[in-house]
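Welcome! Please take a moment to look over the sequence and the model below, and then we will walk through a few of its features together.

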Amino acid sequence: MADEPRQTSEHELEQMPALRPAPILRLAADHLKQYDWPKTLNLPKSAFPARAAPADLARHRQKCANDLYTWQRTHRPVQDEFVLHDGPPYANGPVHVGHALNKVLKDLILRTELARGRRIHYRPGWDCHGLPIELKALQQAQTQQDETRSHRDVPPKEARAANGAGMSADEIRLRARELATATIEIQRSSFREWGVMGEWDAPYRTMDQDFEIRQLGVFREMVKKGLISRHHRPVYWSPSSGTALAEAELEYDDHHQCTAAFVKMPFVRLPNVLKDRDFMSTGKGSHRFSALIWTTTPWTLPSNQAIALGHDIRYSVIQAQAGQDKEYLLVASDRIEHVTSFLPIGATISAVEGLEDWPGSDLADGHATCLNVFQDQESPLLIAQFVTASSGTGVVHMAPGHGMDDYLVCQQNNVLTALAPVDGQGRYTAEVFPASSTHNKKLTGLDVQTAGVDAVLDVLSNAEKSWIQRKDVTPGNHIFATHAFTHKNPIDWRTKQPVITRATAQWFADTSALKGPAIESLEQVDFLPTSGKNRLISFLAGRSQWCISRQRAWGVPIPALYHAESGEACITDESIAHIIEMFHIRGTDAWFENAEDDPAWVHQSLEPGKWLRGKDTMDVWFDSGTTWTSLEPRSDDKAISDVYVEGTDQHRGWFQSSLLTHVATQDPQAKPKAPYAKLITHGFTLDAEGRKMSKSIGNVISPEEIMGASLLPPLKEKKQRSKHPTSANGKATGDTPKYDAMGPDALRLWVASSDYTRDVTIAIPLLQDVHNTLQKYRVTFKWLLGVLEDYSPSQSVGDNINDKPSFADEAVLHRLREIEAQVFEACSNYAFHRAVKEITNFVNNDLSAFYFEVCKDTLYTGLAADRRRTQAVLEEVLQRLMLVLAPATPHLIEEVWEYMPAALKQNTVHPMQRVWELNQKEGSSQQDADSTDLRSRLGTFRDLSMQVKFAQEEARRAGKMKSGLACSVEIHIPENTHSKPADHIREWAQRGELADLLVVSQAIIVEVGSTPKLNGNVAPAWRFEQVLMDWHQVDQRINVVVLPPTGAKCVRCWKYTAEEEGVSCEHCRNVLKEKGAP
Ligand SMILES: [Zn+2]
């Protein structure tokens, strides 16, 4: 039975971490049964469970999140408060891993600051208004209606829902509020399950009355400063949602297909420089002369108001001829070749001599005009900076009602009509074609982006005499060519349908006045990662306008009144103040519910009965942008929040809207201040292939799946059956696989181990790693609790000659200090993934593979004093390990604390209430020297240990040994060699630690030249040798030789140190004597 393969027994699995097996006593012979050997060993004892039961988990969570948060609000200094202002998630659906990344990251930051001794403030919030919630509420209502109806042809759900399904604004608002309230409850319960601590019982919600009133206060302040105004101006408009959109609500379709057209815009008045030229009066046939434009949005042609040229671009008049038909076109000289490539079959192009080289500045002379045939209006030739000769024809069709650039250029040139004959659903209105009532009827109501394009091109390809009255303009085909074209086009972020630009009367915040101070305020902001700064600045600088009005019911009303007859808008300070007062009394719902002519809303300074309440609501980015109003102002110069933490997409969303509204309310004379001192951005969560998670790809991993480990292989059925043969309802449990659920700490550890400054991957192998790591932490704690079960720190250690720490003790404590300093530094920079890496590395290599292995024999079989000395080291390890892991795995640490022996708790405080200070003096030269020396000795040890293991492995393969203890080791060092490694090894041998360090039965040094002593002069039965590879000089080479042990296997400690088979060794006999055994 001796030398049985050392397989890990069931007993060991239950009791100890998955370390290398330690000696477990087996009774080898009958005569030994008189002595109960296991009882003489100090095996680990702990009730710490393999997994926390759900009820226990809830108890731990209560303590490590709720109770801890409450405790620190009164126990930590009020003057050192750390404020993390929550970016509100949108209350329209269940939680996903993106939420988990965001919330857990915030919690890691908060717990790190708490560990530094600070008081923390985290009040979670929710973004409750806006179209997505409104649409969802409408769809739900529609589904209910459908269920009670029996219509066969119901139109598509979304489209009908977007139109309001015939509901009144107050009905819509009621349903939307219910939906948001219910969603918040679901999300809140998930967030809390993850151990995220904060003021969950008093969150801020953007639909709460107090919030809305504070938001309106910001609006009022901005009105006072002249930062809010109403304009008829082009804005992004979503026909599918029926509302204006902000830039932050756009996505882009990179492959949008459209019909592009080259269109001839006939000259009505020629530029002066071309007036006296006689090219128009020569030859036969048509003599039409047109500016040739190119457009990807032919549906905007009815709204043409001008033709733009480049100031320095050179233009030519070319002659296009098809049969007898001759006409003249104005194009940029550099674009003639491009235009020629679209020439209809059978047609030719030739330059008109002498008319080849006109700068745009000569042609756009304030006199020249072309005809908009739809409106029967002249469009002037203008100069615009954005015109280039690198695309199209170098001649640009301008529709200021459908493009911001066009709008600005036209405004500069006093072309003040932003015509946009398109309604909210993206259909032509009756203003599209006043020049022809017949065609006007045909076009009105057509969808501009589809049928509208065809109709417009059709009209232009056959311009009729009946509606072209101008004597100089010839009817006929005004289309030069059309072709399919693919380009990048904005789409609605919610409906994914194309977005158009359309001039409507909207409310705007003046971003041009706010940009400068906003960018200036960022000088005081710390960015993580630092690239965030330029990103935010470039988004701010590029922002042309902020349209803050929406034509939807679910939002904060814009507190404007409109004159019943003139349509004039009123936003005087008295009127807004009065309306806000009314909101105090009646709430914002009353704005929609009250009778249209309710006089209570009209301030006394206004003529009664003449003013009506507007129907527009505010952009939700204005709601969330003003969430900083829910924070208490700070008396000192600090920013109102220490940190904002959100995804990188918020550079063009929340970070920006928060900054703009915050700067807008400040004293313009004072130095502008951002609402955050630090801005942290995290990436998106991606699958293993780097794709976004989406239901349609089917690659979604939910937080529940991570916590429940249901994506990893289930636990073995055998084990499960033996414990729970049947479930409560009597069904065999084998039907449903049982997974090794690690709970919320698995989710948290995934976040903590991810480098969130980039996109974060989530995939099964990665989750398996996280799971294994967490499991490793758990068994490590279980073992530590087990071996410290009888340890009392107050008990004196120093009353024995053996109190001097061994090399292994010193080395592990040194490594503990080292990693703690590294973890401290990493956490200071919120680089949690680096901290987790250090900790895991320490647990695996320094504890599990080294120290635990070396100290286990002493703990289980050694003398009391040696055991206590080792326990003192392990207690230090346990305490510091709890401290460094508390932010990432608070549930586990809470559980460890609960199971910690009372004696250990006596002189310490809870790891989450402790203030984390490094227990080492900085910059001590003695300490640096000690560190260097220890590092060098650890290096020697690792090399030596590795070579011994290699030699043992060879011996095993040769069938000579199984247990690592079943051998002795000789280390051959040349006499008189004094390399560092040689000295280190000699020191360990002198101190009698060498065999324990290598976990073998005997280990000696053989000074080469003398005779090996272990086996006397008899040649050993076998030997396996390795060279310590790092030392190259032959005269300094150190060899490691593994040989048979010199003693017999001790029945108690299993070392081969006994005098003969079947008895215990001398060391064990001394231990037994100490224990008072016979
Ligand atoms: Zn022994």
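## A first tour

The protein chain has 32 helices and 33 strands; helices (H or I, at least four residues) and strands (E, at least two) are DSSP runs, numbered from the N terminus. This is a predicted model, in which local features need pLDDT of at least 70, side-chain atom pairs count only at pLDDT 80 or more, and totals for chains, interfaces and linings use all residues. Residues are numbered from 1 along each chain as its sequence is written, and side-chain values use heavy atoms, with hydrogens and water left out.

How far can you trust the model? The pLDDT, the predictor's confidence in each residue from 0 to 100, averages 87 over the protein chain, and 89% of the residues score at least 70. Residues 1–33, however, have a pLDDT below 50; this stretch has 64 contacts in the model beyond near neighbours in sequence, a contact being heavy atoms within 4.5 Å. Over residues 282–286 the pLDDT also stays under 50. Where pLDDT is low, the predicted coordinates should not be read in detail.

Of the 1078 residues in the protein chain, 54% are buried (under 20% relative accessible area, with exposed over 50% and partly exposed in between, using a 1.4 Å probe and protein chains only).

Just after α3, glycine 117 takes a positive phi of about 95°.

Finally, which residues hold the zinc ion? Cys1050, Cys1053, Cys1065 and Cys1068 coordinate the zinc ion through their SG atoms, at 2.2 to 2.4 Å; donors are N, O and S atoms within 2.8 Å of the metal (3.2 Å for Na, K and Ca), and water is not among the atoms, so sites may look incomplete. The four donor atoms subtend angles of 104 to 117°, which makes the arrangement tetrahedral (all angles between 85 and 135 degrees). In sequence, the donor residues are spaced C-x2-C-x11-C-x2-C. Both cysteine 1050 and cysteine 1065 are buried.

Notes. Tetrahedral: all angles 85-135°; square planar, octahedral: opposite > 155°, others 65-115°.
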